[in-house]
Amino acid sequence: MSTHKSEFIQTLVERGFLHQCTDLETVDARAVKEVITAYVGYDATADSLHIGNLVSIMMLHWLQQTGHQPIVLMGGGTTKVGDPSGKDETRQILTDEKINANISSIRQTFDSFLTFGDGSQDAIMVNNASWLDELAYIPLLRDIGRHFTINRMLTFDSVKLRLDREQPLTFLEFNYMILQAYDFLELAKRHDCTLQMGGSDQWGNIINGIELGRRADERELYGLTTPLITTASGAKMGKTAAGAVWLRPERYTPYDYWQFWRNTEDADVGRFLKLFTTLPMDEIARLDALQGSEINDAKKVLANAATALLHGDDAAREAAETSEKTFESGVTADGLPTTDVPKAELESGIPLFALLARAGLAGSNGEGRRLIKGGGARVNDIAIAEETAEISSDSINDDGVIKLSAGKKRHALIRPV
RNA sequence: GGAGGGGUGCCUGAGCGGUUAAAAGGGGCGGACUGUAAAUCCGCUGGCUAUGCCUACGUUGGUUCAAAUCCAACCCCCUCCA
């Protein structure tokens, strides 16, 4: 196989971003001679994106780095309807204020990966509410609906799978692909956007946009998808006990984020370095070749690089230091999550299980008790086995805090105030 | 509109009058082994300062000493027919 002509496609391929493309040769050729404008769409259902979105964010990053223009499309309009994909959970109706607040919070994440501005290669963020809100039903049916045949819509996986499993598919959901197709057409008209990127599950929706572009406006549009990233064990990435791994620090601290990457499975390190860091390929090849416990060094590099990319160099360094102290030197690090407890309360003694719950290491007092019974609870690194043990100010260590641990990895500090 | 089937804990899914805070598996948490990895093995997995109390099997009532289990109405889902 010959290598690709454009830096953009070359980068995507060698780093493992490319799953499918509607016309790789043409996109490759165009990327050589002109600035390509491409977009990825994101829903605004929460105030933060998560690890699952990171692959496409990195792809936008490389798009810009290789000389092209990224568009971040926020689904402000589609979120108002509620994303119909997934199960038939009751959709949360979000208010406009909430959606807009979500969008501005999410925007901050993109500032870490993209350069926004007015230049030809500067990224822009747009909200599909600005056109979807104004759509009128009859004109939409007449101008857009006429280009879709039910016959064809029924062949798309998103629809077909649902029908095959004999699961209900509402008319609303059925229309979702039309709205997304419409987004692509609108972006093509407004911003001369010619490429839509997304996860492999978006393939059908992307195709629809491309077809609509050709039929409604004689535009030549392209689509490109990333593979679904799973861990080597087959688990969907980014689903941890506490829930999703969020990208906003308010939801998921830089320290936890660093730890998330540090705990990558051996088999995933090379792949993740390529996808989630911007380290040069030869450096990654060297790290990927490490064997046995040396792989831990590669994991630290991964954690440092990925955290620095999202949260900045300082935050990454701090997280690395806290981790080093906690796991390798056995020193109490002040970068751990800290809970303030009034001195007076400590004087009179607090049951350990309650303190574990307050520090967030246990979800309830009962869980705290179970943790102690199971032998996973430690105070200042000393295991406590007595379920009703009380902690008082006697436990305050030389650093003026009490260090609590749940298992080997989860630590927190109690600070008397 | 008619005829059937079904709604159980984070998820899947058993139970079909008391011994049921509810089998089993998954997931999660903890322990052992390691390298803050994987695999494996073991324990735990509703809440409550707790030999007890409270809340839970779609909703609301009822039968019963006793109901997730029986009855009624209602809500929701699925299949077939129209």
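RNA contacts and a helix pair

Author: In this predicted model, a polar side-chain atom of lysine 299 lies 3.1 Å from a base nitrogen of RNA strand B.

Reader: Which elements give two or more residues to the surface near RNA strand B?

Author: α12, α15, α16 (313-329) and α19 (365-373). The largest share, five residues, comes from α19.

Reader: How many residues surround RNA strand B, and which are closest?

Author: 34 residues surround it, with Asn263, Asp266, Arg369, Arg370 and Lys408 the closest. By class, that surface has nine nonpolar, 15 polar and ten charged residues.

Reader: What share of the RNA strand B atoms within 4 Å of the protein is sugar or phosphate?

Author: 63%; the rest of those atoms belong to bases.

Reader: Switching to helices. At what angle do α12 and α15 cross?

Author: Roughly 145°, with the axes of α12 (residues 254-262) and α15 (residues 295-311) coming within 8 Å. The crossing is right-handed.

Reader: Which residues of α12 meet α15?

Author: Pro254, Tyr257, Trp258, Trp261 and Arg262. On the α15 side, the residues they meet include Lys299, Leu302, Ala303, Ala306 and Leu310. The residues of this contact divide into eight nonpolar, four polar and three charged.

Technical notes:
Residues numbered from 1 in each chain as written. Chains lettered and ligands numbered in written order. Predicted model: local features only at pLDDT ≥ 70, side-chain atom pairs only at ≥ 80, totals over all residues. Heavy atoms only, no water. Axes fitted to C-alpha atoms, helices over the stretch in contact; angles between N-to-C directions. Helix = DSSP H or I, 4+ residues; strand = E, 2+ residues; numbered from the N terminus. Left-handed = near helix turned anticlockwise from the far one by under 90°. Contact = heavy atoms within 4.5 Å. Nonpolar A, V, L, I, M, F, W, Y, C, P; charged D, E, K, R; others polar. Near = heavy atom within 4 Å. Polar contact = N/O pair within 3.5 Å; in protein donor to acceptor, adjacent residues only side chain to side chain.
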